[in-house]
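Subject: Structure handover

Hello,

Here is the structure I promised. My notes on surface patches and aromatic pairs follow below it.

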Amino acid sequence: QSQINSEFTYSAFRIQPKNTNFPIKSYKQLMVALSQEEKDKKLILNAYRQLLHVIRDNTSKADKKRIRIAFEVAAKYHHGIRRKSGEPYILHPIAVAKITAKEIGLGPVAIICALLHDTVEDTELTLLDIETYFDKHIAKIIDGLTKISGVFDLKNSVQAENFRKLILTLADDVRVILVKIADRLHNMRTMDSMPEHKQLRIASETKFLYAPLAHRLGLYAIKSELEDLSMKYTDRVTYKDIANKLAQTKKERQRFVREFIKPIKQSLQKEGLDNLRIFGRPKSIFSIWNKIQKKKVSFEEVYDLFAIRIIIDCPPEEEKALCWKAYSVVTDHYVPNPDRLRDWISTPKANGYESLHTTVMGPKGRWVEVQIRTDRMDEIAEKGFAAHFKYKEDTKESAIDDWLLKIRETLMNPESDALDFINDFKLNLFSDEIYVFTPKGELRILPSGASALDFAFDIHTGVGVKCIGAKVNHKLVPISHKLQNGDQIEIITSTKQKPNEDWLKITVTSKARGKIKSALKEEKRKIGEDGKEILFRKLKSLKINPTKDFLNDLVNHFKLMDLLELYYSIAKRTIPLEEIKKLEVKGNRIIAKKDPELQDQKKIRDGELQKSDAEGDVLLFGDFDDNIEYTFAQCCKPIPGDNVFGFITIGQGIKIHRTNCPNAQQLVTNYSYRIIKTRWSKQKNIAFLTGLRISGLDDMGVIQKITNVISLDLKVNMRSISVDASDGIFNGNLMVYVDDTQQLDKLIERLLQIDGILSVNRFDS
């Protein structure tokens, strides 16, 4: 402790009542301020000491000195600033640095950047100051971590621009992304004190962008935690329900794991595999929920709530042989499912992940997933890119290098719209992979669903733009042909070929889509030049000067994106020249007719039509008011009791969505400026239509029992029922009118009590 204290030189650690947030008017208040300063100092010292403990073994004295300077600079400039939770702000960058070092495994440069990541954005410190304290490289990384400032067109999301800037730094230093993921992880862990609408926005953005990015960079543990934390704030009820059920079944699972492991461990030790760890690991809440949704089963029916992991300590040259030896021992005791064997040791995933996965039939007739890997593979699986970089000198260039190379190629298209960029980039983050081969036997990894055209662009842009067909396993196929694992592809080209709009429908890789869009835009420019000449000739005949203001008026009048779109539309005659002749022009400006719908949209955005409750800033939906037009989104069909938000659409007023709506993540992430806080008003006798999917045993009279519960017992109005039976099982869809989620939950509970009913689930659309 004394050693740490002796290292502090900045005045931030001297007692300075004038810098506190307390209005000091008396001696008593002065004592309270001094006491708070002392408490803060102890908290900060303790947090910094924990960071030093994490980095003590693999950091040189020189690097420790630079880290100390970074800490002192951050502490000085963040002094007196507090987080929403009330704690000193400096604790956040220290925590981010700790995650960066301990959970991701990065070195001193990343730790320094983590400590300083908010200084340029939130304090008076400048990038030039950081360059003076440290060097240009660290200043550049901090610049990448700093949010974009300035005014952006509201057509684009500021979040999308921020994320695009972040991804652009991949071309220079991947540590920017890794520190940003650490920053996001700590923010998600400490988000309880934030307002609910901010929790929703940050959680949606995390699930939509940061969790997939962590996945692609091989940070599986962080990816799972980000998904769980996102679900905690976007679907609170489901999250708590699964968390409670996991807690209730914890002891039973632990007994099962011990029973499963015991014979395997004994056999492995007999085979000479003493240096190993074997344990059970529960699946994340989000992955369990995902399986419930995909398989249409209940929590109790999810068989693989955990995975057994076998980790072997061995030299690199023995890894493959010993992993397969362990697999042999496991399958000697338990029968494997032949369809569930995954060999990512022979062919690692694109993010460097290596492991052998199998699913076997365990005791009590339960399927169990078994993961077999070495210590090196496990570190890469947990720490992703950072661990890959550590082992890079000892191994061949891995697939993650190829992926980063592809990302850099994608970034070379500077003209792409921010939202297009994010959507194309995201396509390749979470997709499964297939392994295909060139005619010479070179392995290529593509996302699942990739076409022959994607493969052509993966080989080279010049091959892609001239592709007219392909031979897959020596058979002629069209460019739209979907590739499968193990395919060998030969691309056929023609100098007469050129990209068209339909190509975007058959490609999934960001590289292919980016190059196609660039080619189409270039073609559009050429056609637009002709349209420009046609327009200018027409304006000359009408004696109108084509000033910049007039041309912008034309773009706005025809509701187009830009001038290129205007020229292109005129060349293609989708905008007849007669329409321009009809315009009312005064002083070389178009006199626009007021559109009441657009005026209302502006008022909504400016807050003029917001109807507030006592708290002043919350829109109430449920009290119908002619001043505010809104409808309920058909994609999620919200009912009273659901957590909801409002989204300002173009031309359709406000749409009300559930926070766990399938479209919520994309809407909140890309268009946060069009999100309105909402909540349900007090009681109002209005029935809302919602759907229930029900399945059970096809017994005599079961449908009558269902309708009796709905109509007679609970007095719920039913709009429709459709039932289909096969092999003794029926599946039906019910559309019912309910007042709120409480009534819906009661209805589901009563239906499940009917003999023979197997499952009842709400569906959205």
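Where does K364 lie? K364 sits in the loop that runs between β5 (356-361) and β6 (367-374). Helices (H or I, at least four residues) and strands (E, at least two) are DSSP runs, numbered from the N terminus.

Ground rules. This is a predicted model, in which local features need pLDDT of at least 70 and side-chain atom pairs count only at pLDDT 80 or more, while totals for chains, interfaces and linings use all residues. Residues are numbered from 1 along each chain as its sequence is written, and side-chain values use heavy atoms, with hydrogens and water left out.

**Surface patches**

K364 has a relative accessible area of 68%, so K364 is exposed. The cut-offs: buried is under 20% relative accessible area, exposed is over 50%, partly exposed is in between (1.4 Å probe, protein chains only).

L758 is in strand β22 (residues 757-763). L758 is exposed, at 52%.

**Aromatic pairs**

Rings of Phe, Tyr and Trp (its six-membered ring) pair if their centres lie within 6.5 Å; planes under 30 degrees apart are stacked, over 60 edge-to-face, the rest tilted. That rule gives nine aromatic pairs. In one of them, Y48 and F71, the ring centres are 4.0 Å apart and the planes at 10°, so the pair is stacked. Y48 belongs to helix α2 (residues 27-55) and F71 to helix α3 (residues 61-77), so the pair ties together parts 23 residues apart in sequence. Y48 is buried, at 0% relative accessibility. F71 is buried too, at 0%.

F286 and W289 make a tilted pair, 5.8 Å centre to centre with 40° between the planes. Both lie in helix α15 (residues 285-295), three residues apart, about one turn of the helix. F286 is buried at 11%; W289 is partly exposed at 23%.

Finally, ring pairs link Y220, W344 and Y353 into a cluster.

Best regards
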